[in-house]
Each structure stands twice: as structure tokens, then as C-alpha cells.
Amino acid sequence: MSFQVACPADLEAGEARMVELTNEAGEELPIAIIRDTVGDWYAIDDTCPHADVSLSEGDISQACVECWAHSAEINLKTGEATLPVTETVRTYPVKLEGQNVLVDLEVE
């Protein structure tokens, strides 16, 4: 595992932000860092595969984010979605270290 600092751990429960992180291949990826309504931390691909909009701007609940463009719900643990999204969203391991959120983009 190769964790990298994504952002400060300053999100309140129910908040999210988009960050740009670089994977091992040198590609910059938009990642949504999400703290759900019970305070758990998640990292997922920020772009909804259905409408190409930012998931970090969606409505957050417990272990779920709802895409604002078409109301599909994305499970933050598994990346599975409800219709009209038919693809899963990639999820990434997250850990807190000091005052930072770290994400591992190199998972298979």
C-alpha cells in the first residue's frame, strides 16, 4: 500500500471535497474525500460515470452519496450505484494520520 496525503482532516460530518491525486502511472485523478453523516471517512472517484458530474457536490448520508444531477445513490463502501448509474465507482482505502486524510490509489 502506498498512502499519500489527500487533504487536511477538517471536514465536518456530511461534508466532502474534491482533490487531485497522482497515481503510480503519473495520472492525476479527481478523488472525492467524503465524511459521511456519522463521521466515517471515504475516498471514491469524484466523477459520476453516468453524467460526468462531481460526486463531491452530492448529498451525503450514512455510507452514501447521491449524485445531484440525476439522484443515483453511490454506496461509499462498495462503489455500487442505483439506476441510472450502471457502473460501479472506484473506492479507495482511507486512513487518518495526525491532522491529514491519506488515500491509497494503488489498490487492485
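Trainee: How many of the five residues of strand β10 (residues 100-104) are buried?

Mentor: Happy to start there: this is a predicted model, where local features need pLDDT of at least 70, side-chain atom pairs count only at pLDDT 80 or more, and totals for chains, interfaces and linings use all residues. Residues are numbered from 1 along each chain as its sequence is written, and side-chain values use heavy atoms, leaving out hydrogens and water. Buried means under 20% relative accessible area, exposed over 50%, and partly exposed in between, with a 1.4 Å probe and protein chains only. Strand β10 is mostly covered, and its number of buried residues is four.

Trainee: How many strands does the protein have?

Mentor: Helices (H or I, at least four residues) and strands (E, at least two) are DSSP runs, numbered from the N terminus. From that end on, the elements run β-β-β-β-β-β-β-β-β-β. There are zero helices, and the number of strands is ten.

Trainee: Back to β10, then: how many bridges join strand β1 (residues 3-8) to it?

Mentor: Strands of a sheet pair through backbone hydrogen bonds, either parallel or antiparallel. Two strands count as paired here if DSSP finds at least two bridges between them. Gln4 stands opposite Val103 in β10. Strands β1 and β10 run antiparallel, and the number of bridges joining them is five.

Trainee: And which residue takes a positive phi in the hairpin of β9 and β10?

Mentor: Strand β9 (residues 94-97) runs antiparallel to β10, with four bridges joining them. Lys95 has Leu102 as its bridge partner in β10. The hairpin has two residues between the strands, and the residue with a positive phi near 60 degrees is Gly98.

Trainee: Which strands are the edges of the open sheet of four strands?

Mentor: That sheet has the order β2-β3-β4-β8, with antiparallel pairing. Two bridges join β4 to β8, and Ile44 has Thr91 as its bridge partner in β8. The edge strands each pair on one side only, and they are β2 (15-22) and β8 (91-92).

Trainee: What radius of gyration does the protein have, and why does that agree with a compact globule?

Mentor: The radius of gyration is taken over C-alpha atoms, and the globule rule is 2.2 Å times the number of residues to the power 0.38. Along its principal axes the C-alpha trace spans about 35 × 30 × 20 Å. Because a compact globule with 108 residues would be near 13 Å, the protein agrees with its value of 13 Å.

Trainee: Now some charges: which side chain does Arg17 meet in a salt bridge?

Mentor: Side chains of opposite charge can pair when their charged atoms come close. The rule for a salt bridge is a side-chain nitrogen of Lys or Arg within 4 Å of a carboxyl oxygen of Asp or Glu, and the count comes to one. At 2.9 Å, N to O, the partner of Arg17 is Asp10.

Trainee: Which side chain of opposite charge is nearest to Asp36?

Mentor: Lys and Arg count as positive and Asp and Glu as negative, while His and the chain ends are not counted. Asp36 sits in the loop between β3 (28-35) and β4 (41-45), and its side chain reaches the backbone nitrogen of Ala63 at 2.8 Å. A polar atom of that side chain also lies 3.1 Å from the backbone nitrogen of Val38. Asp36 is buried yet has no salt bridge, and the nearest side chain of opposite charge, 6.7 Å away, is Arg35.

Trainee: With which side chain does Asp46 make a polar contact?

Mentor: A polar contact is a pair of N or O atoms within 3.5 Å; within protein, one must be able to donate a hydrogen and the other to accept it, and residues adjacent in sequence count only if both atoms are side-chain atoms. Asp46, in the loop between β4 and β5, is buried without a salt bridge, as the nearest side chain of opposite charge, Arg17, is 11 Å away. The backbone nitrogen of Ser56 lies 2.9 Å from a polar atom of the Asp46 side chain. The side chain that makes a polar contact with that of Asp46, at 2.8 Å, is Ser54.

Trainee: Last one: is Gly58 buried or exposed?

Mentor: Gly58 lies in the loop between β4 and β5 (59-61). Not counting residues up to four places away in sequence, Gly58 touches Val65, Glu66 and Trp68 (contact means heavy atoms within 4.5 Å). At 12% relative accessibility, Gly58 counts as buried.
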